Amino acid sequence: MPFPVERPRRLRTSPALRRLVSETRLHPAELILPMFVKEGLTEPRPVASLPGVMQHSRESLRKAAADAVNAGVGGIMLFGVPSDKDPYGSGAIDPGGILNVAVRDVVSEVGNDTVVMTDLCLDEFTSHGHCGLLATDGSVDNDATLEAYGRMGVAQAAAGAHMVGTSGMMDGQVGAVRTALDNSGYQNVSILAYAAKYASAFYGPFRDAVESTLSGDRKTYQQDPANLREALREVRLDVEEGADIVMVKPALPYLDVISAVCDMTDVPVFAYQVSGEYAMVEAAAANGWLDRERVMLETLHSIKRAGAQGILTYWAAEVARLL
Ligand code: PBG
C-alpha cells in the first residue's frame with residue numbers, strides 16, 4: 001500500500017480549495033452589535049478598556065445604528081447608562097428612561113431593517129449595581145425582581161423593542177417577562193434568554209462602559225464557571241418558560257457549554273463574545289503581539305463551529321463590513 005494512504009493536505013493546496021471545503025462560514029446576518037447609550041451626552045465618549053467602543057449620545061447612537069445596519073448586522077443589542085441611579089432601578093421602567101428613549105430613537109432610525117434588542121436587567125439602573133432588587137438583609141430578592149423585570153419588559157416593548165434580552169439570572173425571569181408581555185398585548189415581542197450566564201471576570205470592561213457601581217460579585221445568581229450540567233438545567237427551564245432563543249455567555253472560554261446546549265435544545269443558540277474577550281485581543285494587537293484581524297475572525301469561527309447560530313460581538317459591524 002502506498003504511503004501515506006490519505007492526504008488531507010490535498011484539500012488545503014489552494015485558497016480556492018480551502019474555501020470550497022470550509023465547514024464554517026461567518027455571515028453578517030448572524031452578528032449582533034451591542035451598543036451603549038449614555039444619558040445627557042452631547043458627544044460620543046470612548047470606553048478606555050474597550051478600544052473602538054463608544055458610550056453614545058442619543059444622536060450618535062442613531063447614526064452608529066444606521067451604519068451597523070448598512071453593514072448588514074443581524075441585530076443591535078442596546079444598553080442604557082442613566083445619569084441617576086436608585087435602589088429600585090426606576091430608570092429602567094420609566095418610559096423616559098435612557099434605554100427606553102434610545103429604543104424609540106433607534107427603531108425610528110432603522111425601523112424594521114434589523115432586530116432591535118434590549119438588555120432586560122436592572123444593574124445599569126440600580127445604585128447598588130446588582131441585577132435585581134435588594135431585600136432588607138442586602139441579598140438579591142428573586143421574586144420582587146421578577147415583578148420589576150415584567151414592567152421593564154413591557155416598557156421596552158412599548159418603546160418598540162423587537163426582542164428583549166433577559167440577562168439578570170433570576171429564577172423564573174423568562175416566564176415572568178413572557179407573562180407580562182402577553183398580558184400587555186406584546187405576544188410578538190420575543191425573548192432572548194441569557195440562559196447560561198456565568199459569574200465571569202471577563203465582564204470587567206463592560207462594567208466600565210456602563211459605569212457599574214457594583215461592589216462585591218454576582219455569584220449568588222450567575223453561574224459558577226466550574227459547571228456545565230447546571231447550564232443545561234438553566235437552558236431547560238428557560239425554554240420551558242418560553243425563551244425563543246437561548247444564549248451562552250461568555251463565549252470563547254465556554255465553547256463546550258455552547259456545544260452541549262446545541263445538542264439538548266431545538267431553539268436557536270446564541271453566544272455573547274463579551275467585553276473581556278474583545279479587550280484581550282485588542283490589547284494584545286495594540287502591542288503588536290497578535291494579528292488583530294486574524295484573531296478576531298478565528299475567535300468568531302470557533303464560536304460558530306461550537307454551534308452558536310448568532311454571536312453578539314463588539315466587532316459585529318466591522319466584521320460585517322469585512323465579509
Ligand atoms: C447585565 C449584563 C452584563 C453584561 C451584559 N449584560 C454584565 C454583568 O452581568 O455583570 C456583560 C457583557 C460584556 O461583558 O460584554 N446587564
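Patches, as the term is used in this tour, are made of residues with over 30% relative accessible area and no salt bridge; like charges are joined within 9 Å, and nonpolar side chains (Val, Leu, Ile, Met, Phe, Trp, Tyr) within 5 Å. Accessible areas come from the Shrake-Rupley method with a 1.4 Å probe, and for residues only the protein chains shown count as cover. A salt bridge is a side-chain nitrogen of Lys or Arg within 4 Å of a carboxyl oxygen of Asp or Glu.

The model is predicted: local features need pLDDT of at least 70 and side-chain atom pairs count only at pLDDT 80 or more, while totals for chains, interfaces and linings use all residues. Residues are numbered from 1 along each chain as its sequence is written, and side-chain values use heavy atoms, with hydrogens and water left out.

**Stop 1**

Select L11, L20 and V21. These residues form a nonpolar surface patch with about 280 Å² of accessible area together. L20 lies in helix α1; helices (H or I, at least four residues) and strands (E, at least two) are DSSP runs, numbered from the N terminus. L20 counts as exposed because its relative accessibility is 64%, where exposed means over 50% relative accessible area, buried under 20%, and partly exposed in between (1.4 Å probe, protein chains only).

Next, select R7, R9, R10 and R12. They gather in a surface patch of positive charge. Here Lys and Arg count as positive and Asp and Glu as negative, with His and the chain ends not counted; the place of a charge is taken as NZ of Lys, CZ of Arg, CG of Asp or CD of Glu. R10 is located in the segment before α1 (15-20), and its relative accessibility of 54% makes it exposed.

**Stop 2: two cis peptide bonds**

Remain in the segment before α1 and select P4, which is placed there. The peptide bond from F3 to P4 is cis, with omega near -5°. Then move to P250, in the loop between β8 (245-249) and α8 (255-264). The bond that joins K249 to P250 is also a cis peptide bond, with omega near -10°.

**Stop 3**

Select M169, in the loop between β6 (163-166) and α5. M169 has a positive phi of about 60° although it is not a glycine. Is M169 buried or exposed? With a relative accessible area of 6%, M169 is buried.

E211 is partly exposed, at 31% relative accessible area.

**Stop 4: R178 in helix α5**

Helix α5 spans residues 173-183 and contains R178. What does the side chain of R178 reach? The side chain of R178 reaches the backbone oxygen of V189 at 2.8 Å, a polar contact in the sense of a pair of N or O atoms within 3.5 Å; within protein, one must be able to donate a hydrogen and the other to accept it, and residues adjacent in sequence count only if both atoms are side-chain atoms. R178 is buried, with 13% relative accessible area.

**Stop 5**

Select L297 in helix α10 (residues 292-305). L297 and L26 are separated by 271 residues in sequence, yet their C-alpha atoms are 8.6 Å apart in space. At 21% relative accessibility, L297 is partly exposed.

Now select K304 and E30, whose side chains meet in a salt bridge (3.0 Å, N to O). This pair links distant parts of the chain: K304 is in helix α10 and E30 in the loop between α1 and β1 (31-38), 274 residues apart. E30 counts as partly exposed, at 22% relative accessibility.

**Stop 6**

Side chains of opposite charge can pair when their charged atoms come close. A search of the whole structure finds 14 salt bridges. Select D105 and R62, which form a salt bridge at 3.6 Å, N to O. The two residues connect distant parts of the chain, with D105 in helix α3 (residues 98-110) and R62 in helix α2 (residues 58-71), 43 residues apart. D105 is buried at 7% relative accessibility, whereas R62 is partly exposed at 22%.

Finally, select K63 and D67, paired in a salt bridge at 3.1 Å, N to O. Both lie in helix α2, four residues apart, about one turn of the helix. K63 is exposed at 55% relative accessibility, and D67 is partly exposed at 32% relative accessible area. To close the tour, select R58, R62, D105 and E109, which salt bridges with shared partners join into one network.
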